[in-house]
Structure formats: C-alpha cells, structure tokens
Amino acid sequence: MLLFVEQFLNGLQFGLLLFLLAAGLTLVFGIMDLVNLAHGSLYMLGAYFAATFTTLTGHFIGGVVLALMATLVVGMAVEVIAMRRLYGRDHLDHVLGTFGLILFFNELVRLVWGPAGMNLTLPAWLNTSVELLPGVHYSMYRLSIIIVALAVAAVLYLVVMRTRIGMLVRAGASNREMIGALGINIKLLFTFVFGAGAALAGLAGLMQAAILTAQIGMGENILILAFVVIIIGGIGSIRGAFIASIFVGLVDTVGRAFLPDILKLFLSSSAAATAAPAISSMLIYLVMAVVLIVRPEGLFPAASK
Amino acid sequence: MKRTLLATSAILALAMSPAMAQNKTVKIGFVSTFSGPTAVIGNDMRNSFELALDHIGRKMGGLPVEVIYEDDGQKPDVGKQKTEKLIQSDKVDFVVGYIWSNVLLASLKPVIDSQTFLISANAGPHQIAGELCSPYFFSTSWQNDQTPQAVGEYMNQKGVKTVYLLGPNYAAGKDMLEGVQATYKGKVVGHDLTKWPDQLDFSAELSKVRAAKPDALFVFYPGAAGVQFLNQYVQSGLKGQVPLYTAFTIDSLSLPRQGDNALGIPGAQHWVNDLPNEANKKFVADFKAKHKAYPSFYGAQSYDAVGLINSAVVAVKGDLSKKDAMRDEMRKANYQSVRGPYKYGNNHFPIQNFYLQDVVKDADGTLTLKTVATIVKDSQDQHAKKCPMKW
Amino acid sequence: MTQALTLRNLVAFGTLAVLALVPLYSHATGNFFMMTLFTRIVILAMAAVSLNLIMGFGGMVSFGHAAYLGIGGYVVGILAHEGVGSGFVQWPLALVVSALFALVIGALSLRTRGVYFIMITLAFAQMIYYVGVSLDRYGADDGLTIYKRSDFAGLLNLSNRTVFYYVCVALLFATIYLVWRLVNSRFGMVIQGARSNERRMRAIGVPTYRYRLTCFVIAGTICGLAGVLLANQADFVSPAMMHWTRSGDLIVMAVLGGMGSVIGPVIGAVALLVLEEALSGITEYWQIILGPMLLGIVLYARGGIEGLLQGGRHD
C-alpha cells in the first residue's frame, strides 16, 4: 500500500514535468499551427544553462532564474529567425525544418559544452528526503518539483483564463484568422507565446537535470511523450494537456512498477522479466493509438474547426 | 545546381581515395564512439591508445604505426559499416576497439571473414566467448559475466543474505545480472531490467527496492546512466538504508560527476588505477600528467591492446603475413599489461584477478578509486567450455 | 510524359546509370568498399521510393516506414536463425508479413489525418521497435547476425558481392517502374486526387479509404523487401533498423531528392548517404552543417534537388 503511494507520487511528478513540456508545445501548435520538434532542444538548453549558471553564481535559485531568462531569450530569437518563416506551411515542412534544428542544437551544445554532459548539483536543503506519511519517504526535491509544477499550472490557468493576453491566446487557439482580423499585433503575440513555451520547456529541462543530469539529445526521448500527451489531450488545450500528462505520467510509472508482477501471474518469471519492459514502453503508445482511433481530435480539443 | 555539383564532387572525392597498397607500416583501425553523450568513453580510449603508442616510440617491430579512428555513434549498423570501410578500403592489419556488445557482434563477421585480427578493448558478449569464438579475436578486457561473478563472490564474503538486482534491458545488462546469480549464494528478492538507453528515471524501481527491504542492492549502469542512478539513489534516502554493490557503474569518467554520492560504494574490477605494477604506474602517471585526470578502465584496456599487438608484430619481425605466428605470440599474453600478468583462456578471453575497488579521497582531496582487496584470483568466464577452440 | 533532354532528366537518369556501373568501377580499381557503400544506398533508395509513393503522391506522411525494413529483415533473420536458409521461403514470407503489418497499421492509421497520422504511424513503429528490443531469443538489442545469406539453390549466389549488387539494382529499377506505372494509372490519379482534395474525391463517389489503404500496403510491402535486402547486405538485423530516427532519414531522402517524382528519392538517397560519408570524414561535428541545411531546403528549396534542377517549379 505504501509502495503504491510512493509510486503514485512518482507518477504524479513525472506527469507534471510532462505537463510543463506539453503546455508550451500545445500552445504553439494550437495558436501558430506549428509542429515544433525542436521543443526538446529548448528543454535541453534550459538544463545546460541551469548547470552553467548555478556553477558560475554559486547560487541555486539565482542560477535557475538566469537559466529561465536565457531560455526565454533563445526561444524568442529562434521564433524570429527561423519559426516565422514556417508559419502557414505544411506540417511536413515543420517536421523537417525543426528536425534540422534538433541536429543543429545538439551539435552546438556539443561544441560549447563538450560531449560529456553536465551536472546540476542541488543545494543541501533540497537533497534530502521527507517522511510524508509514516513509512512513506519521498525525495524533498521531487516533492518540490510537484509543488513548483502545480504552482506554474495554477499561474498558467489564471493567465489564460483571467487576463486579456490569456483571452487572446484562447481566441487564437480556436480561431486564428479572427484575432488577426481584430487588429491584434499577431507577430508580437506569436513571439511571446513561443517564448513562454520555451521558458516552460527550459523549466522542465532544468528540473529534470538535477535528477538525470544535462545530456545532449535529452530532449528527443521526452519529446515523443510530450507529443503523445498533446494528442491525447487535444491540440491547443492546456486543460487537456494537464489531464493527459498526469494520466500518461501515472500509466507510465505505475505500469513500469507493477507490470512485471502482474505479468508473473500469467507468464513464467523470465518471460515476464523481459516482456514487462517492452510492454510498459508500449503502453503509452497503445493508449494514444486507441484515443486517436476512437476520438481523433483528442479528449479536450480547443479548436472549433 | 550547386547541390548536384556538391554531390558529384563528393562522389568523385570518394572515388579518388586510392585503394591502399600494402605499405611498410602497421595499420590499425580503431572503432569506438566519438559522438553523443558517450563520446567521453571513446576519447578516453583514444587518449590511452595514443599514450601507449608514444610509450613504444610509435613503432612496432621497426615499422611505423598508423591509426585510423572511426566513430560508430553507438549504433551497430554504423559500427559495422565503419569496420567494413577499415577492412575493405583502408586495408588495416588490425581492428581494435568496440565499447558496446551489440556493435561488436554486428562488426565481427566481416573482420573474421577477411582474416584480420580483432582486439576488443571493452565489449565481451557471451556469444564470442562461447559458440562464436574465433582464432582472429582477442580480448584485452573481460567477458561480461566475469565482473558481476566477482561481485557475487564478494557479497557472499560479506554475508549478504538477500539481494535486489537492477540493470538495463540490453544484452550486457542481462549478462551482468546473470553473472551475479552464477556465484551469489543468497536469495534474490527482486530482479528488474529498465528500458535502455531511454529510461534514466529510476524512481519507480528505487521505490520497489525500498519496499522489498533487501540486505543489498546490486546495479550495473555504465557511463552516464551510472551518474544518474547514483544521484537518485542518494536523493531517495536509500543510501543509508540499503547498501549498494556495483559493476562498471563507478569509474574514472563518471566519478567526477557522481562526486560525494559515490563515496564508500564498492565495485569489482579487473583493473583499478592504483594497481602496483610498473607498467600501470607509468600509464597512470603519464596519463594524469598529460590529461589532468585519471584514466578509466576503458583506457587501460586500450593501452593494453597496444602491448598485445606490439608483442605479436615484434615476434614476426614485422612480417604481418605470418598470422599463425602472431596468434601464437598473442596467446602467450607476453607483454606488460597494466593489470599485471594474466593468461588467455581457450576462447582468447583473459583469465585474470578481480579486485574490490572503493571510492576514497586522495592526497589533493580529489575523489579516486582505490584497490581494497582481491576478491578472486585467476577467474575464467563460464562460456569457455562452449568454445570449440583448443590449443 | 515527354523525355526532354532537361538537366533534371540528365541527372535523374545519370544517377541510375552511375548506380548500374559501380561494380565495374570497383573491379577496375580494387576498391570494394564503394560497392558495399552503394549496395546500402541502392537498398535505402528503394525504401525511400516506396515511402514517397505514399508521402509525395499520396500525402500520407508516415513517420514509421522504417518499421517495414525491420519486419522484412527480421523475418529473414529469424528464419535463418531457426535453420530455414532458403530464399524461396524467406523472401515471400517476409513480403506477406510486411503486407499484413501494413494492412493492420494502415487500416487503423488512415482514419486520421495530418499530424495525427504522423504521430500514430510513429506510435506503431515505436511499438514494433520495442517488441524487437524484447526478442531475447533473437538477440534483442544486440541484434542478430546472419551467417549465410538467403539461399537460392544455385540460381543466384548472393554471397558474391557483385551478384548481390545487381540483384539489388534490378529490384530498385523494378520498384521504380512499378511505382511509375501505379502513379500514372487511374489508381495513381485517385491517390493524388485524394491528397489534394479528399472531399471532392469522395463527392464523386470514389472510395478513397480503400485506395489509400491499398497504396499503403503496397508501399509497406516494397519496404519489407528492402528490409530483406538490407538484412542480407549487412548480414545482420537489429532493432536499430526500425528506430523512428531511421524513418526520419527516409523522409529526408525523399524530400532532399524531390517528392514530386518517382526517381527523386533515389537522387536524395545517393546525395544524403554520400554527403554523410564525405562530411563525417571532414569533421566530427558534421551534423551542425546538416541541420541548417535541412532547414534551408525546407524553406528555400522545397522541391529538393529536383526542384532546383527544374528551376524551382513545384506543385
């Protein structure tokens, strides 16, 4: 039972991390109709910036803030230089163009930071464990990820639902042409949205980096999961992304944890030991395939096309 | 237009690289990973190989040595293609390297078919130790099972009654967990294989370990995964609760990034950088002076590869067509290995000692590995009997 | 289609001619590595042509096409491992299995459109990849070495490099011909029509789903055959053949060469693989050049190499 609670928290934490990544992705896709494979590269840059700045300043929070700002700037620069030219084109063009950007960023990071990857060391107050319930120990750091991500989700909700900018964002997600017709400065809005998405990705990257360390190519694997999340949740919908990412996080973590034992009920021990990792990897894709077949628009689609 | 010209000139450029005639040099092809996150291993191997060549004056048996380095990108089919290029286009006399078992298995056939010697400076899959053993293959490293077998022995010595096994779900990972079970006498209360190389978040598995309350946890997570695992092991609070035993998870490359997390965690190894023989002292000292860091076991194995090849070339006085004579010499392991003297088994894998390495701080406060004890002497891998070679 | 002596046609047919003549060059200079490299190029060109059938002409961008390379390859590998070495059994079985997979995947995926189609094909390919990784008996992640190439009982000796090369070239030419005939037939008209405006096609009573599914199955089967050849060429199969980045490579080849024609992907395959080989000899950081190049092609040279040769005209 206690194990289940711990696994549940792990799944929640992973899901919230996915949400940070997926939120930016779904916004960009929903509003600018842009498939951005290089979103994972921004995730990676956030991690590397954080590792560098925390070492340079010797201060964890300060380094993190600097890293977020740096990622925001890079995101906006990428939007102005490259993404603008891709708007309105075929999705295939987006896939190919941003695929090229992935290659570029991976090599750029290797040139600047070297091939070995970087550590993000946590300050002592984060590097401990906390006893939430009797017998349930949980890493303080992971707990803080959950808290921060929930806070960000709350802020995002407030901004999108209760401010003017949020209104424009929502309107843009359901009908792009209309906001252009209303005389809003589209270019600025797009740059802002892309930058915000980049900062969210960077936040996810740096939070993950403390657990996993910053690595070249770290964005690609999690990017596929982020796409799965936004497909399941519905493109352009932040609410959909939130629910889908928690769901995906739980399925993935709890599946990985309990599947071997469940399989052992039906199969021999060694067969279960090898089938389990394969099936748990496939689980998420199976879910996405089912959703796509049953409800192709996703669970909470934003667009009223 | 421009693009066509570029493509055409590229084709022409390739076409004009002449098929190498048999020169008066010893040509060695080195296949390893020089791109991506594991490039750090390939670079360590290259640095060590180069240092070894410098130590012998870059000549073997009077002939100058030429090395061609190729990058396998950690992909089996790329490694195979590069290997074929080295054999067919560059016409090398020896092929050395191979970090990953799957890359080695893919590249083996073309080398053996062309009757070229392949020296593995790391990968040791059980197939090549057993059914696929070949007279043209030599290892200067170990067979995948050997090291975890030593850890299993050590756990017996420490009276560990129950153990949880954790490793990555690919051939070497499975070999490692099997290897422990070959010698360990206690009870295995958990056995998990994690997705490789994608899964780097071990929270689910660590929670299971905590729930199972074993006497010890054994893991195999090479390269960067070792850094990630150790971080999470400490963060989850398990460090004080369940002692950790490792194979290839803590090495000179990952240690700087694992930092204090690795203090006090034992691992088994056939070579540690403080082994007291002369060859090793020279290797480690010169390496540290040149590269400001300790070499890893990957480097030590590459360094030894030079010694092994050199012994063969010297024995035939530079006449590389005398393959049988070269093989006979290599079988004697007649060179100063940095791990100390060792013998070859019938499958051309070393029969060697395994030591317990621990993580300590040295005189300058840098973290380093230290030999604490010899776990097992003259250990041979269990697949040698499946190899039909007899000599 | 008039065969004008345009630059584009010269390059297209010139490429085919070069491919046919590589063995002569190898035998003359003794450089057999060229033949090994080009065998791989020919096989991947075949896979790229099959992808372009559904992608360029059909508008179905499949990010999971490399899965069929793996399926075809693994059928050969598994049969060889279990002692069935005869090509007469391996090859037809590989084609049937590829077709079946394509049928199931296509039937499910073609209910979606656009980026959803891309994602669901990616998902299926990943699932097949993970199954491959878990096939312990057949090497799993290590891959499976194939000790003897497919045996055709004296009719064809595939172990002979030159014979094997010409078998691949012959199959590539056959594929090009088949795809060309398909595209220029009524079937092809429906496929291309469905790409530009499906609603209209359905309005005139054409059962587009059925046509697209058939097209998808044909493309998958041809790619399965390419997989069979790849397994024989490499004497090796591994899950890496099916990874989604490999599907990406195939897409790049088709786009680079030009999606608008049947031969375009062949030019793209030659260009990409030769470029990779040449660039990686120059610098370890070659992807930093390749990346922006790709973006540049997407932005400015939409028709790929062919488009450039034709003076930038594209559909």
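Visitor: Why is A:Val248 called buried?
Guide: A residue is buried if 20 or more other C-beta atoms lie within 10 Å of its own, exposed if 12 or fewer, and partly exposed in between, with the C-beta atoms placed from the backbone. A:Val248 has 26 other C-beta atoms within 10 Å, so it is buried. Keep in mind that this is a predicted model, where local features need pLDDT of at least 70, side-chain atom pairs count only at pLDDT 80 or more, and totals for chains, interfaces and linings use all residues. As for the labels, residues are numbered from 1 along each chain as its sequence is written, while chains are lettered from A and ligands numbered from 1 in the order in which they are written.

Visitor: Where does A:Val248 sit, and which residues is it in contact with?
Guide: You'll find A:Val248 in helix 10 (residues 238-264) of chain A. Helices here are DSSP runs of H or I with at least four residues, strands are runs of E with at least two, and both are numbered from the N terminus. A contact means that two C-beta atoms, placed from the backbone, lie within 7 Å. Leaving aside neighbours within four places in sequence, A:Val248 is in contact with A:Gly15, A:Leu18, A:Leu225, A:Val228, A:Val229, A:Ile232 and A:Ile284. Turn to A:Val229 and, with the neighbours within four places again left aside, its contacts include A:Leu18, A:Ala22 and A:Val248.

Visitor: How far is A:Val248 from A:Trp125?
Guide: They are 30 Å apart in space, C-alpha to C-alpha, and 123 residues apart in sequence.

Visitor: What makes chain A as compact as a globular protein of its length?
Guide: First, its parts: chain A has 11 helices and two strands, in the order α-α-α-α-β-β-α-α-α-α-α-α-α along the sequence. The radius of gyration is taken over C-alpha atoms, and the globule rule is 2.2 Å times the number of residues to the power 0.38. For 305 residues the rule gives 19 Å, and chain A comes out at 20 Å, which is close, so chain A is as compact as a globular protein of that length. Its C-alpha atoms fill a box of roughly 60 × 50 × 40 Å along the principal axes, and buried residues make up 55% of the chain.

Visitor: How do you know how confident the predictor is about chain A?
Guide: Look at pLDDT, the predictor's confidence in each residue, from 0 to 100. Chain A has a mean of 84, and 96% of its residues reach 70 or more. Within chain A, the lowest confidence is in helix 7 (residues 176-181), with a mean of 73, and the highest is in helix 3 (residues 60-81), at 93.

Visitor: What makes a group of residues a nonpolar core, and which residues have the most contacts inside the largest one?
Guide: A nonpolar core is a set of buried Ala, Val, Leu, Ile, Met, Phe, Trp, Tyr and Cys residues joined through C-beta atoms within 7 Å. The largest has 334 residues, and those with the most contacts inside it are A:Leu21, A:Ala47, A:Ala226, A:Val228, A:Val229 and C:Ala45. Helix 2 (residues 33-57) of chain C gives the most to this core, 18 residues.

Visitor: Why is this core said to lie between two domains of chain B?
Guide: Domain bounds come from an automatic or database domain assignment. Domain 1 (23-142 + 277-351) and domain 2 (146-269) of chain B both give residues to the core, so it lies between them. The C-alpha centres of these two domains of chain B are 29 Å apart.

Visitor: How many residues meet where chain C touches chain A, and of which classes?
Guide: That contact takes 33 residues from chain C and 33 residues from chain A. On the chain C side, helix 5 (114-133) of chain C is one of the suppliers with at least two residues, and it gives the largest share, 13 residues. By class, the chain C side divides into 24 nonpolar, seven polar and two charged residues. Ala, Val, Leu, Ile, Met, Phe, Trp, Tyr, Cys and Pro count as nonpolar, Asp, Glu, Lys and Arg as charged, and the others, Gly among them, as polar.
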